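Morning, everyone. I have one structure for you today, and I'll keep this quick. Have a look at it first.

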Amino acid sequence: MRWWKTIGLVLAAFFAGCQSQTKQYSLRGQVMAKDEAASEFTVKHDDIPGFMAAMTMPYKVKDPQAIKDVQPGDKITADVISVRGGQEYWLQSVRITDQSGRQTAKPAVKHALNVGDVAPDIPMVNQDGKQIHFSDFRGKSVLITFVYTRCPVPAFCPRLSSQFARIHEDLAKTPADYEKTHLLTISFDPKYDTAPILRKYGLAYLDNHAEGFGHWDFASSDPGDMRRIADAFGLEYFEGDNQISHSMDIVLLTPEGKIAKYWSTEWTAAELETALRQQAQSSNQHQGTRG
Amino acid sequence: MSNRLLLAGLAWIVAVATFGLAGCGSQQEHGSELFDLHCADCHEMPNPDLKKQPPKLEGLFRSKTLPSGAPATDDQVRKTILEGVGTMPAFDGRLSEADVHNLISYLHTLK
């Protein structure tokens, strides 16, 4: 009887282990930046089959010794640990394989446009098939993010769109802020994400309330213009086999169309919403002072 | 002679049944792998960051309708996988016809 119990416990533990869905992948790359306070490396890495195409992106590091030892420019190998379906991931077993690049490393993400610069007036087409530009939203604070509708990774585009939906719903409760703000979701995948696809996608996040498009546009541009937008805002994206690996970026524009702030990984919907409201309200105050 | 024929016939039936079942198993096995790769992260993992929690897919074909309200048929599930529905992304272009078939075979096993 005990024998069977033991087998049962082993099997239960095995299946429990399976269900936790901790996945491990091998990473090889170069550390481009280190943020000790955030326990984070930005790594330019090779393709990580099953997890991420070759790209530059930030990773949390839980080993304090690794954070201390590794310097920007170091080439490393590490294990990427992914749990809860990629909702959380970090580097483990970080090993320095080459220190010769320490002096030559440059910041990983360079935004062509700095805070205070005006966003370029690149044409896009929205969910209604109408051409739009960043300048169309002058007078409103605009929160912009970048996704593609076929993104299957819940921690990436579905999370971004879900959080934008929460911000949209919250703002609708305050008409004064709602009127002075706008949300804009831009697709990395203009070939697939045509106006009808963007409309269907947007309606899913607007609970089928089409009037919400008046406050939240979903747009794409032709591939060349999308690259120009990416270069302007420092976005990284790579098209693979019907999948796009991309950085997670959010940009806040002032009512004058100037860049107010960038976010990449460290943000919450509440933080974004507060920044958007404050931007709109401070602009109202300035207008009031001028008027 | 008739006994030999009978034996040969039985052997053929056993072989077909054996290989047939093995083939079916591998289809579902492949479907299971595809499910883990493409579906489980949303359908098996509660995620407070998502606007809507994707439904669990156990017993998908026991009900007459899918969670979307559409009929619970292979064709409708195939359409859902390829075109997406609601906040579920489309897998058009990322799964072959055989992949979709194997995935649906696996979904049938989820009781």
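The C-alpha centres of domain 1 and domain 2 of chain A lie 28 Å apart. Bear in mind that this is a predicted model. Domain 1 of chain A covers 22-98. Domain 2 of chain A covers 124-290.

How many residues does each domain put into the contact? Domain 1 of chain A gives 11 residues, and domain 2 of chain A gives 11 residues. Look at the domain 1 side of chain A. The residues there that touch domain 2 are 7 nonpolar and 4 polar, with no charged ones.

Now into the sheet. Chain A has 7 strands in an open sheet with mixed pairing. Read across, the order is S7-S6-S10-S9-S8-S13-S14. Which strands stand at the edges? Strand S7 (131-132) and strand S14 (259-263) of chain A do. Each has a single partner strand, so one side of each has no neighbour in the sheet.

Stay with S14(A). Strand S13 (residues 250-253) of chain A pairs with S14(A) in the antiparallel sense, over 4 bridges. There, Ile250(A) stands opposite Trp263(A).

Next, two helices. Helix H3 (residues 157-171) of chain A lies across strands S8, S9 and S10 of chain A. H3 runs at about 165° to S9(A). Helix H5 (residues 195-205) of chain A lies across S6, S9 and S10 of chain A. H5 runs at about 145° to S10(A).

Last, the other chain. On chain B, 15 residues are in contact with 19 residues of chain A. The chain B side has 6 nonpolar, 5 polar and 4 charged residues.

Notes:
Residues numbered from 1 in each chain as written. Chains lettered and ligands numbered in written order. Predicted model: local features only at pLDDT ≥ 70, side-chain atom pairs only at ≥ 80, totals over all residues. Domains from an automatic or database assignment. Contact = placed C-beta atoms within 7 Å. Nonpolar A, V, L, I, M, F, W, Y, C, P; charged D, E, K, R; others polar. Pairing = 2+ DSSP bridges. Axes fitted to C-alpha atoms, helices over the stretch in contact; angles between N-to-C directions.
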